[in-house]
Amino acid sequence: MSNRRADPCVFVIFGASGDLTRSKLLPAIFNLAEDGHLPDEFAILGVARPPMDQAAYRTQLREQVRRAEGELLQPEKWARIEERLYYVSGEFNDAALFDRVKHMLAEIGERHHIPPNDLFYFAVPPDLFGTVADGLAKADLLREDEGWRRVIVEKPFGYDLESARALNAELRKALRESQIYRIDHYLGKETVQNIPPFRFANGIFEPIWNRRYVDHVQMTVAEDAGVGRRGAYYDKAGALRDIVQNHMFQVMTLVAMEPPISFGGEDVRDEKVRVLHAMPPLTRDEVARHVVRAQYSGYTKEPNVDPPSRTETFVAMRLFIDNWRWAGVPFYLRTGKRLPRRVTEVAVQFKRAPLMLFKDTPVHALSSNALVLRIQPDEGISLCFDAKVPGPFERLDTVTMNFNYAEYFKTEPTTGYETLLFDAMTGDQTLFHRMDMVEAGWQAVAPILDEWKKDASARVPTYEPGTWGPSEADLLIERDSRQWRD
Ligand code: BG6
């Protein structure tokens, strides 16, 4: 972003009374303003159901919005956002609401000298995406005759391939693909955005980033928290839909893709989608053998979770990317709630040295070199390699070379939404899901969802909170004579 500024625009949030607005969207807008990335010709319009006047909305947010790490915002700085913050209430299926929004937008535009550029954020349940898009279209708020109109939709984008296609068809009645920004907050994380520069701006990694040198890749998205207050949503989704199909696949495509022709236009997304297309569909046997699901003990007692629920809160799986670079290299993915700690990382495990020259260390004790991309919370990159233990013997130990983002760049914590909102305000869709990616993601998990549906009586293993999932997950990787990283 450096010193760039977003286009003059109004940021319109549908569902502006919810958690996302307080905890992510407004803190991200605050950070963008602080860093000088927003123009003076900028305003925010919140739209939600609760009847409230503008003053009450402003007061509520003043008291509730915190920075990424929870500390309060400095009042004089927040005041600059607050004077550009507006609110309209109403029902999303009521045409009168959209007339009020239109009227407000005209008024705001005049007051703050903003041309008709509107960024609409749908922070509403997916079954309302179509209704809101339709309301906007009927009020003539999606036309781009004089300015631009863009829509950001939150996940989940569908429940499976069919519902994702239906949802897309609904949106496409009112919008062109170039106006639709399907957000994935993982792609807003600096550490995720750093994957392509790390691979393609450094000459030393790319020559060994392939099946000749890489033994396997492990990805972990672990959370120590449970489902919390999101039981109603989560119980219908489960870990495969909630994390694997979108966040994990997106990170995996960045790790596995070919160098794009450029970082502009559609080149990056073209390469990413090719990775998903190269994943062979899992057969029935492969699902049984190479995909493990489990549920943490106590999950069914969480609020708004169905007591006989069989929803998985943990998934581990092995998959392949059948292309020239990765043929035969397993990618092991695991994610879960109520695991020992919150950590997201990608570890590229390189092949072992071919023979043991150091007699005090048996060959099986030689570690394989690992390059670990630490996505969060301890953002950084580590390289693990063997070194000689000091002393009059030939013994080796594994040591780690570490790069830590916060230490080196002195970064402040961010919400992860800053870059994504900025990109949407400047018309860059690179970090958003294109529809063919969404479809390819659903296609890849479809055989798993089908098998699980068929097998409705099979036992879903449980695991104790605070452990790394069920023993079946260990077996899955140990069968290949490998181990999950600790
Ligand atoms: C969301 C999922 O997309 O990502 C949540 O719906 C999950 O279930 C969250 O907790 C994890 O995000 P992060 O940024 O904390 O890793």
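Colleague: What makes strand 8 and strand 15 a pair?

Modeller: Two strands pair if DSSP finds at least two bridges between them. Strand 8 (residues 291-296) and strand 15 are joined by two bridges, in the parallel sense, so they meet this criterion. In strand 15, Tyr 463 is the bridge partner of Tyr 296. Strands (E, at least two residues) and helices (H or I, at least four) are DSSP runs, numbered from the N terminus. The model is predicted: local features need pLDDT of at least 70, side-chain atom pairs count only at pLDDT 80 or more, and totals for chains, interfaces and linings use all residues. Residues are numbered from 1 along each chain as its sequence is written, and side-chain values use heavy atoms, leaving out hydrogens and water.

Colleague: Why are helix 10 and helix 15 called oblique?

Modeller: The axes of helix 10 and helix 15 (residues 435-454) cross at roughly 140 degrees and come within 10 Å. Axes are lines fitted to C-alpha atoms, for helices over the stretch in contact, with angles from 0 to 180 degrees between N-to-C directions. Angles under 35 degrees count as roughly parallel, over 145 as roughly antiparallel, 65 to 115 as roughly perpendicular and the rest as oblique. Helix 10 and helix 15 are therefore oblique to each other.

Colleague: Which residues of helix 10 make the contact with helix 15?

Modeller: On helix 10, the contact (heavy atoms within 4.5 Å) is made by Leu 240, Arg 241, Gln 245, Phe 249 and Gln 250. Helix 15 contributes residues including Trp 442, Ile 448 and Trp 452.
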